[in-house]
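Subject: Structure handover

Hello,

Here is the structure for you to take over. My notes on pockets, the cavity, helix packing and aromatic pairs follow it.

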Amino acid sequence: MENILLRNNISRLEEYFACGGYKPLKKALGLKPAEIIAEVKRSNLRGRGGAGFPAGLKWSFIPPGPDGQKYLVCNADEGEPGTFKDRELLRANPHALIEGMAIAAYAIGAAHGYIYIRGEFAAEAAHLNAAIAGARAKGFLGKNILGSGFNFELFVHRGAGAYICGEETALLESLEGFKGQPRLKPPFPALKGLFGSPTVINNVETLAAVPSIIDKGGDWYAALGTAKSGGTKLFSVSGPVARPGVYELPLGTAFSELLETHCGGMKPGKKLKAVIPGGSSTPVLTAAEAMALKLDYESLAAAGSMLGSGGVIMIDDSQCMVKLLQVLARFYHHESCGQCTPCREGCGWIEKVLNRLEEGGGTPGDIDLLYSVAEGMTGRTICALADAMAMPVMSFITKFRGEFEAHAAGKVCGK
């Protein structure tokens, strides 16, 4: 299958033109906004940032009509450990994002758009600004785009590298100049988002898929994936495989194909032990579970995990699962915004208990304590960061309890 998003040599505007770039925008401007939204609904495009919410349905929540200001925001704050596909897309195909945003803005009636990019992505932000300037010079952004009467201005905003700003309402707070902390919902951004106006927030990969959908049709895109999940997905693969990197595959592809065919299998001397399939916040799977799976939202949910951001972390048999969970706990404790007590205190307690187990001072009761604290965090906070810590804890203990018991008995790794 030919890649839709990660095609070769299309990072520059003239290269994007040669591949038919910006023709979908011209086509979209000849349609009614409702027709575009209907096409995206037909495509079964689901949000690629982690939640998997249907993109066309999200767009339809914006109040129709020309009255009032509306905004389109792209979430490029890619901070999930194990996930690096959006960064690759911004480097390799920035105009797909720009064109996708122009089409989406026309569909929802937004005259202004923002790309909120992670602060550390300085080179990508500069590359994106140059691409936006090129698109504006050719009349694809700005006033009266392609003579249609539609106006759309697009801006890049660099964040400060806070993981919590990947949560859409914390992102909006940061974009408005406030501390990045999630908002209580309702009201939802579709009714009261950026600067109190109706707002759509989509991930980089989601918006970059839109031009192909408009070009070839929603039915075409839907047929590439599964019955409920259309299209292709970018998978960021890290760990001891022969060829780590970013791979674009149809949803529903077997995990074994990703590992063996595309990644070249495990490195010599390494044996697959476990897989975190959708970024560090998703529940871990054993090697046997992963090898039997297909990579789509429904299959992973049925297996007790999530497709998430598509950050596939391969874990080999030399890795201590307690140590790995300790590293994750340190990250989530550090990145908690502190607004919700279960998250602020729970992440801290989990890190402390894991430190104790790793240092040889743990007790058998620590294992159930970890699980209990994680359970008490789940579903009790404004955003999902607490769940992002709790799900790995509960799944690690459930799948690899023997390693935790060995640590609690004083058998510390490397000693």
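The lining of the second largest pocket divides into 13 nonpolar, 7 polar and 1 charged residues. Please keep in mind that this is a predicted model. That pocket holds about 360 Å³ of space. Its lining counts 21 residues, and Gly65, Lys70, Tyr106, Ile108 and Gly109 lie nearest the centre. Three helices, α3 (33-42), α4 and α6 (94-108), each supply at least two lining residues. The largest share comes from α6, with 3 residues.

Now the largest pocket. Its volume is about 1300 Å³. There are 47 lining residues, and the closest to the centre are Gly49, Gly50, Ala51, Gly166 and Glu167. Two or more residues each come from α4 (55-60), β1 (71-76), α5 (85-92), β4 (199-203) and α18 (385-399). Which element gives the most to this lining? The answer is β4, with 5 residues. By class, the lining of the largest pocket has 19 nonpolar, 17 polar and 11 charged residues.

The largest cavity has a volume of about 80 Å³. It is lined by 13 residues. Nearest its centre are Cys337, Cys340, Cys343, Cys383 and Leu385. The lining has 9 nonpolar and 4 polar residues, with no charged ones.

Leu385 also turns up in a helix contact, on the α18 side of the packing against α15. The axes of α15 (residues 321-335) and α18 come within 10 Å and cross at roughly 170°. Angles over 145 degrees count as roughly antiparallel, so that is how α15 runs relative to α18. On the α15 side, the contact residues are Met321, Leu324, Leu325, Leu328, Ala329, Tyr332 and Glu335. They meet Leu385, Ala388, Met389, Pro392, Val393 and Phe396 of α18. How do the residues of this contact divide by class? There are 12 nonpolar, no polar and 1 charged.

From α17, the contact uses Ile367, Asp368 and Leu370. From α19, it uses Arg401, Phe404, Glu405 and Ala408. This contact has 4 nonpolar, no polar and 3 charged residues.

Last, the aromatic rings. The count comes to 14 aromatic pairs. One of them is Tyr22 with Phe140. Their ring centres are 4.0 Å apart and their planes lie at 5°, so the pair is stacked. This pair links distant parts of the chain, 118 residues apart. Tyr22 is in the loop between α1 (13-18) and α2 (23-29). Phe140 is in the loop between α7 (122-137) and β3 (153-158).

When you open the model, these are places to look at. For the largest pocket, go to Gly49, Gly50 and Ala51, which are among the residues closest to its centre. For the cavity, go to Cys337 and Cys340, two of those nearest its centre. For the stacked pair, go to Tyr22 and Phe140.

Best wishes

Note on methods
Residues are numbered from 1 along each chain as its sequence is written. This is a predicted model: local features need pLDDT of at least 70, side-chain atom pairs count only at pLDDT 80 or more; totals for chains, interfaces and linings use all residues. Side-chain values use heavy atoms; hydrogens and water are left out. Contact means heavy atoms within 4.5 Å. Helices (H or I, at least four residues) and strands (E, at least two) are DSSP runs, numbered from the N terminus. Ala, Val, Leu, Ile, Met, Phe, Trp, Tyr, Cys and Pro count as nonpolar, Asp, Glu, Lys and Arg as charged, and the others, Gly among them, as polar. On a 1 Å grid over the protein atoms alone, a cavity is a set of points where a 1.4 Å probe fits but cannot get out, and a pocket is an open set with protein on both sides within 12 Å along at least five of seven lines; lining residues have an atom within 4 Å of a point. Grid points are joined across faces, edges and corners, and a volume is the space filled by probe spheres set on the points. Rings of Phe, Tyr and Trp (its six-membered ring) pair if their centres lie within 6.5 Å; planes under 30 degrees apart count as stacked, over 60 as edge-to-face and the rest as tilted. Axes are lines fitted to C-alpha atoms, for helices over the stretch in contact, and angles run from 0 to 180 degrees between N-to-C directions. Angles under 35 degrees count as roughly parallel, over 145 as roughly antiparallel, 65 to 115 as roughly perpendicular and the rest as oblique.
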